[in-house]
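Hello,

Here is the structure I promised to send over.

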Amino acid sequence: MQFTSPLVHGTLIKRYKRFLADVRMENGQIITAHCPTTGTMLSCSTPDSPVCLSRSDNPQRKYPFTLEMVKNNSTWIGVNTTRTNKLVTEALKKGQITEFQDIHEIRTEIKTSDHTRLDLQVNHGPSSTFIEVKNCSLAIDGCAMFPDAITTRGTKHLHELIRLTGEGQRTCIFFLVQRMDADRFSPASQIDSIYGEVLYQATEAGVMLLVYQAEVCPERIQVVRPLPYSLL
């Protein structure tokens with residue numbers, strides 16, 4: 001994914017109220033940006049970190065700037081979770097996800113029960129697979145981890161994947177690691193032990209687990225490789 005307009009550089013002052021971040025621009029101006037992630041941004045919200053922002057031309061927006069990425073040491077980290085599904089969809093269409101080939105349709109926001117929607121339904125070859133996508137921005141000692149906060153919604157999605165698998169459907173939980181300073185993945189059970197337990201149950205039930213890594217830089221974000229994982 002190429003950014004159609006150049007991103008704006010700045011320095012993070014603080015992230016607060018979940019969806020807001022104060023940023024000092026290169027000209028010294030301080031602005032408030034929209035922060036489109038529900039997580040805690042653990043390991044990628046340190047004050048004085050370099051950041052990149054996009055700017056909307058929509059005059060109706062209260063906060064025209066959107067926080068796109070934060071730099072931790074030498075690594076850019078993608079934090080705009082509204083882009084995650086688009087990145088995975090683009091990688092699927094380009095054939096970069098080796099587990100899915102001969103794709104002829106990708107549907108989004110699929111209602112699978114009265115109170116649940118899953119991110120994607122991929123029709124490939126003679127098969128169809130429901131996919132739930134999660135953005136992973138947390139890494140500790142080279143290990144990418146999810147979630148960075150307790151997520152009852154994420155656990156609900158896992159239970160839905162387990163239910164669908166039990167009905168004979170093909171299902172997948174897909175973690176996109178948007179940082180290059182990790183070489184493996186594990187659930188953050190120290191943060192949300194229930195999610196870690198249910199993720200293990202999901203794989204035991206037959207839900208496919210995929211972890212792919214994206215290279216993040218101010219010019220583009222692109223999926224580059226699969227990562228190994230451990231659930232123990």
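Which residues have the most contacts inside the largest nonpolar core? They are Ile-97 and Phe-174, in a core of 26 residues. A nonpolar core here is a set of buried Ala, Val, Leu, Ile, Met, Phe, Trp, Tyr and Cys residues joined through side-chain atoms within 4.5 Å; buried means under 20% relative accessible area (1.4 Å probe, protein chains only).

Before going on: this is a predicted model, where local features need pLDDT of at least 70, side-chain atom pairs count only at pLDDT 80 or more, and totals for chains, interfaces and linings use all residues. Residues are numbered from 1 along each chain as its sequence is written, and side-chain values use heavy atoms, without hydrogens or water.

Back to Phe-174: beyond its neighbours within four places in sequence, its contacts (heavy atoms within 4.5 Å) include Val-88, Ile-97, Ile-131 and Leu-210. Another core, of 24 residues, lies apart from the largest one and has Cys-136 and Tyr-195 among its members.

Helices and strands are DSSP runs numbered from the N terminus (helices H or I, at least four residues; strands E, at least two). In α1, the buried residues are Thr-84, Leu-87, Val-88, Thr-89, Ala-91 and Leu-92, and they pack against β7 (103-113), β8, β9, β12 and β15.

Finally, the axes of α2 (residues 152-166) and α3 (residues 193-205) come within 9 Å and cross at roughly 15°; axes are lines fitted to C-alpha atoms, for helices over the stretch in contact, with angles from 0 to 180 degrees between N-to-C directions. So α2 is roughly parallel to α3, the term for angles under 35 degrees.

Best wishes

Definitions and conventions. Buried means under 20% relative accessible area, exposed over 50%, partly exposed in between (1.4 Å probe, protein chains only). Angles under 35 degrees count as roughly parallel, over 145 as roughly antiparallel, 65 to 115 as roughly perpendicular and the rest as oblique.
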